[in-house]
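Please keep the sequence and the structure in view while reading.

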Amino acid sequence: RRIDWVRFAGVGRRIDWVRFAGVRPLSDWVRFAGVRPLSEWVRFGGLIRHVGRLGSFCPGLVLLAALAGCDANAPPRLVVATSWPVEDRAAVESMILKQSGTAQPIEWIGVVPGESLARTIDRRGGVDLLLGASRPELDRLARAGRLDSTGFRDGSSWFSMVRPGSKLGSFGKTTDPRDNPAALAEARAILEADGWPRGYERLVRRFIADRRGQSPVETKPTEPLPRESIAIIKTGRHLDKAHAWVDILVKSGIARREPDDSRAKARTDALLADLLGAALIDASRELRDAGAALVAFNHPARAEGSIGERPPWPPASVLKLRDGPSGEVLVETLLEQVAPDRAARDWLRESWSRPRRPIDGAVLEEIARAVDGRLVYEPRFRAWLRGEWTAWTRQLYRRVARLAGGYVPS
């Protein structure tokens, strides 16, 4: 219930107080004579603006601001946004200290997996470096002109390194590679090390094992570890320090500059994430049923041999449309819906005329490089392709369960 209007601490506006219920955010209740967020009052070094105005109504906030600041003579901190855990951040700081001989003050900004990096940069402001970001996300930032590409050609804009203490095991645990850069990097490393036929089946079986609570497969001694990305933000406040920080890692061999075609590889990664997300996350219920059927019926060979099959290119629905009496007309209608760009339609038409083949790295790279990446940047094509892959893998897992001995939908 409302109580009397009051004036508080000389504030020139009235405040409607509500007792115990209907509480609104503090910013809606009290503005305290136009007080701004703390980040605008305190700037890395204890610099306080409008101290007299702030102290006139609440001396305690002045003390809090002073405690939040630091010595005015302290060097500015490099601001690094990352999803890496605290122990990996500490290991990176130790690497820098060992290689340079001097400690580099760093302010770490934690990023939740799946959170948009662009949103993090906008919300936080002043971010100098991104550490452990996915290549597709960096490609989106590069297209928007937000990454510093000094020393690069062809628009490439980032570096890569192996995370300290990295080992295979991030993929699985029900993580979605579309949202988890570490899981996507590990999946890419497995596919490159084992080849697509064996590597893709290994990823599927890893996911089945994780769903059943079994231990993940450990890293083999000769297996390459996944590399994760480092990028410098063009609008960062400490570009010189960011370049110096990365140069230390590159000269010591810890990090390396990504090749000039890294933008195309990032688009390939985006398609890989879509494929794995469709096959392992969106079709997870059918995959779980297939895994349970294999165990229940003692892993019959006729079913085991199918679990690692990959979706075809051209997609199954395109082949089915062509078999109909009005096949070519229907395919043209589909092309107009998923690829408004004429050059992209021409490329798809020609690609779909080739013999059917299973999806692999070469196919994904062809799509990623087609018409300067315009297919990958077309949301309608991406949404349609994800739907195709999801439907195909769901049918595959149902067939595996039937081959194993029976399929009962969960």
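Two strands are said to pair if DSSP finds at least two bridges between them. Strands (E, at least two residues) and helices (H or I, at least four) are DSSP runs, numbered from the N terminus. This is a predicted model, in which local features need pLDDT of at least 70 and side-chain atom pairs count only at pLDDT 80 or more, while totals for chains, interfaces and linings use all residues. Residues are numbered from 1 along each chain as its sequence is written, and side-chain values use heavy atoms, with hydrogens and water left out.

## The sheet

Six strands form an open sheet with mixed pairing, in the order S4-S3-S5-S7-S6-S8. Strand S4 (106-110) and strand S8 (255-257) stand at the edges; each has a single partner strand, so one side of each is left without a neighbour in the sheet. On average, neighbouring strands are turned by 25° against each other, direction ignored. For such angles, axes are lines fitted to C-alpha atoms, for helices over the stretch in contact, and angles between N-to-C directions run from 0 to 180 degrees.

Within the sheet, strand S3 (residues 78-82) pairs with S5 in the parallel sense over three bridges. Val80 has Leu129 of S5 as its bridge partner. Helix H5 (residues 86-100) packs on the sheet and touches S3, S4, S5 and strand S6 (158-162). Contact means heavy atoms within 4.5 Å. The direction of H5 makes about 155° with that of S4.

## Two helix contacts

Two packed helices are described by the angle between their axes and the distance between the axes. The table gives these values for two pairs.

| Helix pair | Angle | Axis distance |
|---|---|---|
| H5 and H10 (residues 239-251) | about 80° | 10 Å |
| H14 (residues 316-323) and H18 (residues 379-404) | about 90° | 9 Å |

Angles under 35 degrees count as roughly parallel, over 145 as roughly antiparallel, 65 to 115 as roughly perpendicular and the rest as oblique. H14 is therefore roughly perpendicular to H18. Ala316, Ser317 and Val318 of H14 make the contact with Trp384, Glu388 and Trp392 of H18. By class, this contact has four nonpolar residues, one polar and one charged. In this classification Ala, Val, Leu, Ile, Met, Phe, Trp, Tyr, Cys and Pro count as nonpolar, Asp, Glu, Lys and Arg as charged, and the others, Gly among them, as polar.

H5 and H10 are likewise roughly perpendicular to each other. Here Val92, Ile96, Gln99 and Ser100 in H5 meet Trp245, Ile248 and Leu249 in H10. This contact has five nonpolar and two polar residues, and no charged ones.

## Pocket and cavities

On a 1 Å grid over the protein atoms alone, a cavity is a set of points where a 1.4 Å probe fits but cannot get out; a pocket is an open set with protein on both sides within 12 Å along at least five of seven lines, and lining residues have an atom within 4 Å of a point. Grid points are joined across faces, edges and corners, and a volume is the space filled by probe spheres set on the points.

The largest pocket holds about 510 Å³ of space. It is lined by 26 residues, of which Arg135, Arg188, Glu192, Lys265 and Asp269 are the closest to its centre. Helix H8 (181-194), strand S7 (227-232), helix H11 (262-282) and helix H17 (361-369) each supply at least two lining residues. The lining comprises 11 nonpolar, four polar and 11 charged residues.

There are three cavities of 30 Å³ or more. The largest cavity has about 50 Å³ of space, and its lining includes Arg135, Arg188 and Asp269. H8 gives the most to this lining, with four residues. The second largest cavity has a volume of about 40 Å³. Among the residues that line it are Ala316, Glu388 and Trp392. H18 gives the most to the lining of the second largest cavity, with three residues, and by class this lining has six nonpolar, no polar and one charged residues.

## Backbone details

Most residues other than glycine have a negative phi, and most peptide bonds are trans. The peptide bond from Trp313 to Pro314 is cis, with omega near 0°. Pro314 is found in the loop between strand S9 (312-313) and H14. Asn298, a residue other than glycine, has a positive phi, near 60°. Asn298 lies in the loop between helix H12 (284-296) and helix H13 (301-304).
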